[in-house]
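Welcome, and thanks for taking a look at this structure. Please keep the view open as you read, and find each residue as it comes up.

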Amino acid sequence: MSAESHALHKPAALEPPLGGLGVAVAGLFVAGLAISTIRAGGSPFPSPFGDAGDALAYFRDRPSAVRTGAVLQYASAIPLTLYTAAAAARLRRVANGFGPALAAIGGALAVVFLICSGLVSWALTVPEVVSDPALVRGLHTLAFLCGGPANVMATGLLIAGIALSALPRQLLTPWLISAGLVIAVIALCTTAALAVTAAAFLLPIARFTGMAWLIAAGFLLPRS
């Protein structure tokens with residue numbers, strides 16, 4: 001093998017497996033939802049669109065459940081960071097245009113918003129915080145905005161960056177590229193939830209289909 005070929009193949013060999021990282025992101029996030037719900041006696045994390053009194057009672061009476069979900073959500077940002085970095089590095093080797101940069105920026109924003117949501121949710125377990133209803137309402141809404149519309153929108157940019165990078169040279173199967181672009185559009189449309197509460201139904205659709213798409217793309221995207 002020539003020195004040039006060795007230089008080209010060496011970075012790919014050092015990359016973490018994208019598919020496994022995608023599974024880790026989804027696994028930690030879903031585990032946070034499931035375990036916190038179980039620890040809360042079957043009560044799901046309250047919606048900021050619901051009754052403020054019910055939300056206050058949830059955070060006051062179930063701090064361990066809230067903290068569990070917050071920690072696992074925070075932890076899911078670690079493999080997402082690695083996924084973003086590895087995907088961006090791989091795309092820069094195999095694709096031209098702005099797609100790799102879009103993927104890097106979108107993934108970085110998704111990580112930041114996920115971390116912020118986890119930290120704010122953790123703050124809602126502090127006894128001095130839950131004694132102030134107005135503060136609880138504000139932090140609850142902020143946790144939702146960061147972990148909901150902001151994170152999903154940014155993840156949509158990550159998916160769009162990967163799909164657009166793969167499109168010219170068909171680095172992924174055509175149906176997967178098309179599905180990624182559709183999911184990315186839905187994720188961007190979740191921004192409407194900031195103005196119209198009814199649009200919030202798009203959030204779980206974009207989130208979980210996006211997680212599945214990132215896993216599939218991670219396993220199928222070529223290294224070189």
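Below is a short tour of the spaces inside the model, its surface, and a few residues to look up.

This is a predicted model. Its largest pocket holds about 620 Å³ of space, and its largest cavity holds about 200 Å³. A search of the whole structure finds one salt bridge, and a nonpolar patch on the surface is formed by Val-23, Phe-219 and Leu-220.

**The largest pocket**

- About 620 Å³ of space lies in this pocket, and 26 residues line it.
- To find its centre, look for Phe-29, Leu-33, Phe-45, Gln-73 and Arg-207, which are the closest of the lining residues to that point.
- Sorted by class, the lining has 15 nonpolar residues, ten polar residues and one charged residue.

**The largest cavity**

- How many cavities of 30 Å³ or more are there? The count comes to one.
- The space in the largest cavity is about 200 Å³.
- Its lining is made of 18 residues, and those nearest the centre are Val-25, Asn-151, Thr-155, Met-211 and Leu-214.
- Helices H2, H4, H7 and H9 each supply at least two residues of this lining.
- By class, eleven lining residues are nonpolar, six are polar and one is charged.

**The surface patch**

- Val-23, Phe-219 and Leu-220 together have about 300 Å² of accessible area in their nonpolar patch.
- Leu-220 belongs to helix H9, which covers residues 202-220.
- Leu-220 counts as partly exposed because its relative accessibility is 47%, between the 20% and 50% cut-offs.

**The salt bridge**

- Side chains of opposite charge can pair when their charged atoms come close.
- Which residue pairs with Asp-61 in a salt bridge? The partner is Arg-60, and the closest N and O atoms are 3.4 Å apart.
- With a relative accessible area of 45%, Arg-60 is partly exposed.

**A loop residue to look up**

- Gln-170 is found in the loop between H7 and helix H8 (174-189).
- Although Gln-170 is not a glycine, it has a positive phi of about 50°.
- Gln-170 has a relative accessibility of 41%, so it counts as partly exposed.

- Ala-160 and Ile-177 are 17 residues apart along the chain, and their C-alpha atoms are separated by 9.0 Å.
- Leu-72 lies in helix H4, and at 19% relative accessibility Leu-72 also counts as buried.
- Between the C-alpha atoms of Leu-72 and Leu-214 the separation is 19 Å, with the two residues 142 apart along the chain.
- Leu-214 has already come up in this tour, as one of the residues nearest the centre of the largest cavity.

Definitions and conventions: Residues numbered from 1 in each chain as written. Predicted model: local features only at pLDDT ≥ 70, side-chain atom pairs only at ≥ 80, totals over all residues. Heavy atoms only, no water. Patch = residues over 30% accessible without salt bridge, like charges linked within 9 Å, V, L, I, M, F, W, Y side chains within 5 Å. Areas by Shrake-Rupley, 256 points an atom, 1.4 Å probe, with all protein chains shown as cover. Salt bridge = Lys/Arg side-chain N within 4 Å of Asp/Glu carboxyl O. Helix = DSSP H or I, 4+ residues; strand = E, 2+ residues; numbered from the N terminus. Buried < 20%, exposed > 50% of the residue type's maximum accessible area, 1.4 Å probe, protein only. 1 Å grid on protein atoms, 1.4 Å probe; cavity = no way out; pocket = protein on both sides within 12 Å on 5 of 7 lines; lining within 4 Å. Points joined across faces, edges and corners; volume = space filled by probe spheres on them. Nonpolar A, V, L, I, M, F, W, Y, C, P; charged D, E, K, R; others polar.
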